[in-house]
Amino acid sequence: MLVMIRGGGDLATGVALRLYRSGMQVVICEIAAPTSIRRTVCFSEAVRLGEASVEGVSARRAEPEEVPLLLEEGVIPVLVDPEAQCVRMWKPDVVVDAILAKRNLGTRRDMAPVVVAAGPGFTAGVDCHAVVETMRGHYLGRVIYAGSALPNTSIPGLIGGHAGERVLRAPADGFFQGAKQIGEQVRAGDVAGYVAGVPVVCTIDGVLRGLLADGTAVTRGMKSGDVDPRCEPGHCLWASDKALAVGGGVLEAILHLTSQMKQKENADGK
């Protein structure tokens, strides 16, 4: 089964890991300059570095003609294809929108036999066949076959007793320059980076779980980093519970919808 995933950030990577380990062939479509925060667990890093490895699974930046060979090698191809134009070329069995833009950036229900979207901005039965809930809480990872995910609250989920204060945001428009590395211990008041000479200051103690790549263009207020108050450096190297929960929901949706299609084909063939 060939699955094309729109997006290569941390949640999309959690989805890719679940599907890849379930025996599916996965191709990722990304933008030319990804703005992923948790870069140590993002296949989007293959765009910037040429290749990336997360939990022992390898991804490599590729041109469309290189896709078959990489899939044969067990490597996830990462294409710079923000509009997923390659869908027309490869005609995948499944398209997954895991961009997490909180709005639909062009995904349509007719892009593949099965189209699954993660998070708000989509309506199952309208622009996709199923939506997977991405908001932390009781419904995280739940598959919705009619309707939409919970609306975006713009409030980060609670981790270690902290929510919005764990997120680092750009203090100005400009280009981000890091002053620390992902995995470093930080304290409230530490400077994690700079934008146009203005410091990006940590407001809580913890481990720097995510940080934009140097040279990333940002606008004031844009998410630029993430401090994990649980103080476990190892968390920086593993897909999050949220990413894997969403990935599990996407896997369930694919298997359920595929099974339904086969049942219908069998019934029609009788």
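Notes on the structure

1. Buried here means under 20% relative accessible area, exposed means over 50%, and partly exposed is in between, using a 1.4 Å probe and protein chains only. By that cut-off C86 is buried, with a relative accessible area of 4%. C128 is also buried, at 0%.

2. This is a predicted model, in which local features need pLDDT of at least 70 and side-chain atom pairs count only at pLDDT 80 or more, while totals for chains, interfaces and linings use all residues. Residues are numbered from 1 along each chain as its sequence is written, and side-chain values use heavy atoms, with hydrogens and water left out.

3. On the cysteines: a disulfide is a covalent bond between the sulfur atoms of two cysteines. The criterion applied is a pair of cysteine sulfur atoms within 2.5 Å. Searching the whole structure gives zero disulfides. For C86, the closest cysteine sulfur is that of C29, at 3.5 Å, which is too far for a bond. For C128, the closest cysteine sulfur is again in C29, but the separation is 17 Å, also too far for a bond.

4. Helix α5 covers residues 241-269, 29 residues in total. Helices are DSSP runs of H or I with at least four residues, strands are runs of E with at least two, and both are numbered from the N terminus. From first C-alpha to last, α5 reaches 42 Å, close to the 42 Å expected at 1.5 Å a residue. That expected span is 1.5 Å times one less than the number of residues in the helix.

5. Which residues of α5 are buried? They are A243, V246, G247, G249, V250, L251, A253, I254, L257 and T258. These buried residues pack against α1 (10-21) and against the strands β6 (94-97), β7 (114-118), β8 (130-132) and β9 (143-144). Contact means heavy atoms within 4.5 Å.

6. Helix α1 has 12 residues and a first-to-last C-alpha reach of 16 Å, close to the 16 Å expected at 1.5 Å a residue. Its buried residues include L11, A12, T13 and G14, and V15, A16, L17 and L19 are buried as well. Just after α1, G23 takes a positive phi of about 95°.

7. T134 sits in the loop between β8 and β9. Its relative accessibility is 6%, so T134 counts as buried. Leaving aside residues up to four places away in sequence, T134 touches L11, L100, A118, G119, P120, L140, K242 and V246.

8. P120, one of the contacts of T134, is in the loop between β7 and β8. P120 counts as buried because its relative accessibility is 9%. The C-alpha atoms of P120 and A149 are separated by 5.0 Å, although the two are 29 residues apart along the chain. With residues up to four places away not counted, P120 touches K102, R103, T134, A149, L150, P151 and N152.

9. The loop between β6 and β7 holds L100, K102 and L105. L100 has a positive phi of about 60° without being a glycine, and K102, likewise not a glycine, has a positive phi of about 70°. K102 is partly exposed, at 38% relative accessible area. L105 is partly exposed, at 37%. Not counting residues up to four places away in sequence, L105 touches R6 and I99.

10. Is W238 buried or exposed? At 53% relative accessibility, W238 counts as exposed. W238 lies in the loop between β17 (223-228) and α5. Its contacts, not counting residues up to four places away in sequence, are R38, V41 and E55.

11. The second largest pocket has a volume of about 170 Å³. Of its 13 lining residues, A33, P34, R48, A213 and T216 are the closest to its centre. A pocket is an open set of points on a 1 Å grid over the protein atoms alone, where a 1.4 Å probe fits, with protein on both sides within 12 Å along at least five of seven lines; lining residues have an atom within 4 Å of a point. Volume is the space filled by probe spheres set on the points, which are joined across faces, edges and corners.
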